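Let's take a walk through a protein together, going from its inside to its rings and charges. Have a look at the sequence and the fold before you read on.

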Amino acid sequence: MFISVFDLFKIGIGPSSSHTVGPMIAAQRFASRLHETGRLAGVRAVKVELFGSLSATGRGHGTDTAVLLGLQGHLPDQIDPETIPTELATLRQEQTLRLLGQHRVPFQEKTGLIFHRRELLPLHSNGLRFSALDDAGALIQKKEYYSIGGGFVINCRGQRVVGGGPEVPFIDQVPLPFHSGAELLARCREAGTGIAGVMLRNECSQRPQAEVRAGLLRLWQAMSAAVERGCVQTGELPGPMRVRRRAPALHRTLSQQLASGAAPDPLALLDWVNLFAMAVNEENAAGGRIVTAPTNGAAGVIPAVLHYYVRFVAGASDAGIVDFLLTAGAIGALYKENASISGAEVGCQGEVGVACSMAAGALCAVLGGTPDQVENAAEIGMEHNLGMTCDPVGGQVQIPCIERNAMGAIKAINAARMALQGDGQHVVSLDQVIKTMMQTGRDMKVKYKETSRGGLAVNIIEC
């Protein structure tokens, strides 16, 4: 199957792609299906059931609110985050859902939104079940969906569910198909181009080249905007831990140091990269607009490394930004097809680890690396994230998630530089490390996979 760069990078809202973006899309699709089949007007009650990780950490990740907003017709890339608190307050005060914004249905969260904390649906740990009932309590429609990471949603038949549209099959036919790192390198040799060139050819089989490039630059603009907002928004992040935003203070300190004309700190560049990543992930934790890259929990890594390229690399350009995102997309597609980008399935190695791998390969490419060096950089980026657990404290995408993105960005830059010092030849291949990551995720205990039942989540006392 072909996974587009626009599948992996999606503009949405925080705090989680699998727990917020995916469930909102699924809920909107369920309501849209009722409308398309002419059954919306007959609905008198709606019941939503959450399973697995969605139930274990759903409240901290905003799954409950995402589902309600989706049923009311909203989609992650279109909703204004500033309007969400008011809309939710109205819904809860009136105890009424407006399905697709037009059909009113009585709704009480206590009975209409059920968290099955110890139960799973068969296809994935992030399962949702929606039911619509008539006056007599008879079932009008029942659908099950799975939020499989990065905002991807599938139905019980494995078909994709996309925002604003029906279930669709995955795309199969592209001019330069690849399903492994080895095949990707082979396509590069056959086409006489880099990884970005292969990905661009495939993208252009679906939409015009000008549209591809414009779309990628829009993603970069959204990433930049998230950094800018994160550098100025002050106060505490939502939730009981009262985590203070740190990016604004760090931004002020670094800006003052830069303006002072004092002798530069040789490691100040690391501080800037930390800032970029933390700014994005604090925005994400606050429910702001970010770009899933490839997930919300890992949304700061790629923007931070891309900011490093734009601000600190001589000769950086829009063309380089496009190549960076295309290369990152090709690498991310390998993980999505052959392993997982879901913390609930394989732990944070599938989120920050994958983002680090994508960013490492992409940076290596725009710094002049060969396809073999790019593959090496991507492999290094993941190899040293293997086994990383997903243990969010309090079910919030805050500790250790925010700092973890900064660490992932630094690792990515180092991985790219290490690969550029070699000739691309190395012992462990990207395909082997992807396979190992998936095997490690399967062996990982469930309590370490976005359930908040192990690791830091149980060893930090919430005040």
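A charge is said to sit over a ring if NZ of Lys or CZ of Arg is within 6 Å of the ring centre and within 35 degrees of the ring normal. Keep that in mind as you explore this model, which is predicted. Lysine 336 lies over the face of phenylalanine 152, at 4.3 Å from the ring centre.

How many aromatic pairs does a search of the whole structure find? There are 4. In one of them, phenylalanine 130 and tyrosine 145 have ring centres 6.0 Å apart and planes at 65°, so the pair is edge-to-face. Phenylalanine 130 lies in strand E6 (residues 126-133) and tyrosine 145 in strand E7 (residues 139-149), so their pairing ties together parts that are 15 residues apart in sequence. Each of the two, phenylalanine 130 and tyrosine 145, is buried, and together with Phe30 they form one aromatic cluster.

Now for the inside of the protein. In soluble globular proteins, nonpolar side chains tend to be buried together. Here the largest nonpolar core has 105 residues, and Phe9, Ile302 and Tyr335 have the most contacts inside it. Apart from that core lies another, of 39 residues, with Ala27, Leu68, Leu75 and Tyr145 among them.

Leucine 184 counts as buried because its relative accessible area is 3%, and buried means under 20%. Leaving aside neighbours within four places in sequence, leucine 184 is in contact with Phe178, Ile195, Val198, Ala330 and Leu334.

Finally, find helix H10 (residues 209-232): its 24 residues reach 35 Å from first C-alpha to last, close to the 34 Å expected. Several residues in H10 are buried, including Val212, Leu219, Trp220 and Met223.

Key: Residues numbered from 1 in each chain as written. Predicted model: local features only at pLDDT ≥ 70, side-chain atom pairs only at ≥ 80, totals over all residues. Heavy atoms only, no water. Helix = DSSP H or I, 4+ residues; strand = E, 2+ residues; numbered from the N terminus. Expected span 1.5 Å × (residues − 1). Buried < 20%, exposed > 50% of the residue type's maximum accessible area, 1.4 Å probe, protein only. Core = buried A, V, L, I, M, F, W, Y, C linked by side-chain atoms within 4.5 Å. Contact = heavy atoms within 4.5 Å. Phe/Tyr/Trp six-rings, centres within 6.5 Å; stacked < 30°, edge-to-face > 60°.
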